[in-house]
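Open the model in your viewer and keep the selection tool ready. We will go from stop to stop, with a short note at each.

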Amino acid sequence: MANYWKRIVESTNNKNSFWSTQKALISALDTFARRPAHVTSQAPHIRDATDLKRVMVIVVFSLLPTLLFGIWNTGKNTYMSIGVANCSFMEAFIEGSVHVLPLVLISYSVGGLCETIFAQIRKHDIAEGFLVTGLLYPLVCPPTIPWWMFICGIVFGIIIGKELFGGTGMNIINPALFSRAFLFFSYPAAMSGDEVWIKKPFYETIAGEIKPVLWTTIDTNRILSFLNNSDVNLVSGQTPLALATYKANLNMGSDINTHVNQVYSKWDLFVGNIPGSIGETSTLMCIIGATILIATNVGAWRIMFGCFFGAGLTTYVLNIISMNASLLNVSFSNHICMGGFCFGAVFMATDPVSGPLHKLSKIIYGFMIGALCILIRTINPAFPEGMMMSILFMNIFSPLIDHYVTEWKVTKYKEKYHAR
Amino acid sequence: MNVFNFNGGYNFMLRDGSDSIVSYILPSKIIGISPPRVINFKSKICVKVNQKIVSGDVLFYHRKQAHIKITSPVSGVIKSIVYGPKRVLEVIEIIADEEKSSQYKKFKKMSIDLLNKKSIITTLIDSGIWHKFRKINSNDFLGDENTFLKNQNALFLSLFSTEPHLSQIKFLLTNKNYMQFFLYGLRICSLLFNNIHIFDIDRNVPQKIFDFAHDISNIDLYQIENKYPAENSGLQHFLINNNKKNVVNISTRIFALIEIGHLFIHENVIKERYINLSGNGLLKKHHLIVVAGTSLRAILMPAMQKTTAKFRIISGGLLTGHKLHLDKYLSDDDTALHVSKEDTERIPLFFFRLGWNNMTMLKTWGSGFLPPQTHSISTNNNGEERACVQCGYCIDVCPVQIMPSLIMKASISNNIEKMEHLFINDCIHCELCTFVCPSKIEIVQHIKNGKDFIRKEG
């Protein structure tokens, strides 16, 4: 087997061989399985052991807690949607896997296909950045999204958001978020927070016949009893942010925080046992991921700090100036636990390619993301969630921030070392 | 004693360095003198095949700078003159005379009180030591007498080395003779240069040097933080920060001072050179005193491991050195020889391991969380070249606080204005940014290309 693979790898250099047409894919698989044999060509003769593959692998590791929790949470909420509140851990996990893992597989395979085609045309190697994009994308999508929409999103994001600019390292915006933005504006009904989580009953009665609609591992009898029983309390399935917006629009004159925390307790919001996009719900898991990223120095703590600081300051100011009970009143703790704030701040904003370069610009960039996110959430009635918008917006501005910080650094350097 | 600390840098701890034993090898029959390894060194040859020469005779000089002369360290007969591609001189091979019957060219003896700058420079140019002084950052030779005396100048010396497996000159200075030569050379230099800055990593400067520096007003001793690239004279110059115009900053190796001392005490050029051998391809790793121009084969073959593995011979440090071929001769630029096995091992699932033994400046491997440990040498690239992802590691490690990744991008787009705006000329070529780059981009090579482009365009 190993010999056979070796022969395939060698034959990719032979122009007449069939395998030479698959060179990008084969060399990507080969260098992933075993460290490449390349040696340094000139000084320095020794190199750091870290390369992009390792950096990306670390990010994937840090995303795993979020993914696993997302799987469990999806299953749990699916059970909730048919009125079963006390399902076991394994039941929920298995049910969640049925819904989430196909999305991850589709994301990797379809996105990987786009990446491979472009790499093959350009005669490049496949860049490692896709490892992270392919996992980030399903985590920011709602689990109920139809597969065809999901595929449209990833294809659009990879091709328009990344490959047209020249692949990993050249893109100006985060491709995973760009894919989500595409879905958000193209299919708002499937993406908006009102009914995201509610799974339609898995069996529908069409012309008197009961027909399966979705894959599920849930016992058929449970679903049938749910369908036949009209007394079961239905879970609304609204995401906390959508709920807050909804309550604010009703303008009932009381504090929004109380309304939200009546439905979702603060603890639930923090742990993430709430409806929402697959990976975004759990603040706790994001903190674990952030710990890995910061400890390994792969994710910039300055950006994360900037995000929280910006959001905190904006919330504080808004809380002071708000007179009546409106969205402006939502507290900081609710803001960071609701929606994708934590996930965005930890995994999306820290993307090095679309983010800024200097330490100072990282803080500014993070601060602006946090502040903009809160502003969009509270002041703009059209979008309950603002994290995606604010990150994409600041992605566009990060070269500008970098430019001014570079100029500032150059001036400072000149004064210090080239004064005469 | 001023103490300097600097940003960035890294304390390399690598196995297979040379131990503190200094040994001699017998002089070989044929020695070869090659031009300094400087780009565009066009030589004008002064000797013919079969001509008899004595030690100290000029063999060739720089075609454009006639004061850069290379002399023969031994007496004998010219065996052959070998040219490389484009008829560039590669080496002049000499059949050396027996030790006893050896003659040498005598340089005029003068008492130290009678020496003036002009007579020192003339002697140094004639004896072929002048080319061992180089301008900092540009690595150019010094000008001739008149140009040299026109400007102020400062000499930078390091008594140590932090780059893995460069020769530790301190071992040599424990020898009484060499110490005497060194101090005399330092004395001569203190007459010649306006300022001399001597750096060491700790306060344990040899007492004699300490006393000597204390007595002479234009010699300053400094202490510098013990991490690579502390011995880089570009960095030392950057830290002292005397960016006055019309000051020529010069660096040289300690051994050049020993040569000067020998020249003025014994009135002839020194024959020996001092190198150290290291690397996992060698059985014996030690310091060596050999005759200048000995062939690498004679030096390395007795010590090399007998395996079929592919070896890489590096002259100089592991970070800034360059590859050599076994057929070459030892040049004056070679102060250390490193032989290491090419690491082409394909480790399965390398990128998923914990990596407690991987050498890294970052924290992406387990070793980043352990106390500093020694690592084995690996010439593996540890990955393939990718596009820059703006991780900013190169800016963090840069000891002179410039922005390598931005300069690299300006260099690729041939944007001279931008390159100069970002201080491309402050780069000291320490190669740390290339070492740390996770995208495996040859950043310093791009910066060098940018500098060349600026020079070409004027």
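Start by selecting A:Glu128. A:Glu128 has a relative accessibility of 4%, so A:Glu128 counts as buried. Keep in mind that this is a predicted model.

**Stop 1: across the chains**

B:Arg386 and A:Glu128 form a salt bridge, with the closest N and O atoms 2.9 Å apart. B:Arg386 sits in the loop between S19 and H9 of chain B, and A:Glu128 in the loop between helix H4 (89-122) and helix H5 (129-139) of chain A, so this pair joins two chains. B:Arg386 is buried, because its relative accessible area is 12% and the cut-off for buried is under 20%.

Next, select B:Glu384 and A:Lys53. Their salt bridge has its closest N and O atoms 3.4 Å apart. This pair also crosses between chains: B:Glu384 is in the loop between strand S19 (336-341) and helix H9 (393-397) of chain B, while A:Lys53 is in helix H3 (residues 52-81) of chain A. B:Glu384 is buried, at a relative accessible area of 10%. A:Lys53 is buried as well, at 1%.

**Stop 2: a salt bridge in chain B**

Select B:Asp16 and B:Lys285. Their side chains form a salt bridge of 3.9 Å, N to O. The two are 269 residues apart: B:Asp16 is in the loop between S1 and S2 of chain B, and B:Lys285 in the loop between strand S15 (272-278) and strand S16 (287-291). B:Asp16 is partly exposed, with a relative accessible area of 24%. B:Lys285 is buried, with 18%.

Salt bridges that share partners join A:Lys53, A:Asp125, A:Glu128, B:Glu384 and B:Arg386 into one network. Over all chains, the structure holds 27 salt bridges.

**Stop 3: aromatic rings**

How many aromatic pairs are there over all chains? The count comes to 39. For one of them, select B:Phe12 and B:Phe435: they are edge-to-face, 5.1 Å centre to centre, with 80° between the planes. B:Phe12 lies in the loop between strand S1 (2-4) and strand S2 (22-24) of chain B and B:Phe435 in helix H12 (residues 432-436), so the pair ties together parts 423 residues apart in sequence. Both B:Phe12 and B:Phe435 are buried.

Then select A:Phe32, B:Phe350, B:Phe351, B:Phe352 and B:Trp365. Together they form one aromatic cluster.

**Stop 4**

Pick out helix H16 (residues 341-348) of chain A, where eight of eight residues are buried. Among them are A:Phe341, A:Gly344 and A:Met348.

A nonpolar patch of about 960 Å² includes A:Ile160, A:Phe165, A:Phe393 and A:Tyr404. Helix H18 (residues 387-417) of chain A gives the most to this patch, with five residues. A:Phe165 lies in the loop between helix H6 (147-161) and helix H7 (175-186) of chain A. A:Phe165 is partly exposed, at 39% relative accessibility.

**Stop 4: two single residues**

Select A:Lys23, in helix H2 (residues 23-33) of chain A. A:Lys23 is partly exposed, at 37% relative accessibility. Its contacts beyond four places in sequence are A:Thr12, A:Asn13 and A:Gln120.

Finish at B:His197, in strand S12 (residues 195-200) of chain B. Is B:His197 buried or exposed? B:His197 is buried, at 4% relative accessibility. Its side chain makes a polar contact of 3.3 Å with the side chain of B:Tyr222.

Key. Residues are numbered from 1 along each chain as its sequence is written. Chains are lettered from A and ligands numbered from 1 in the order in which they are written. This is a predicted model: local features need pLDDT of at least 70, side-chain atom pairs count only at pLDDT 80 or more; totals for chains, interfaces and linings use all residues. Side-chain values use heavy atoms; hydrogens and water are left out. Helices (H or I, at least four residues) and strands (E, at least two) are DSSP runs, numbered from the N terminus. Buried means under 20% relative accessible area, exposed over 50%, partly exposed in between (1.4 Å probe, protein chains only). Contact means heavy atoms within 4.5 Å. A polar contact is a pair of N or O atoms within 3.5 Å; within protein, one must be able to donate a hydrogen and the other to accept it, and residues adjacent in sequence count only if both atoms are side-chain atoms. Patches are made of residues with over 30% relative accessible area and no salt bridge: like charges are joined within 9 Å, nonpolar side chains (Val, Leu, Ile, Met, Phe, Trp, Tyr) within 5 Å. Accessible areas come from the Shrake-Rupley method with a 1.4 Å probe; for residues, only the protein chains shown count as cover. A salt bridge is a side-chain nitrogen of Lys or Arg within 4 Å of a carboxyl oxygen of Asp or Glu. Rings of Phe, Tyr and Trp (its six-membered ring) pair if their centres lie within 6.5 Å; planes under 30 degrees apart count as stacked, over 60 as edge-to-face and the rest as tilted.
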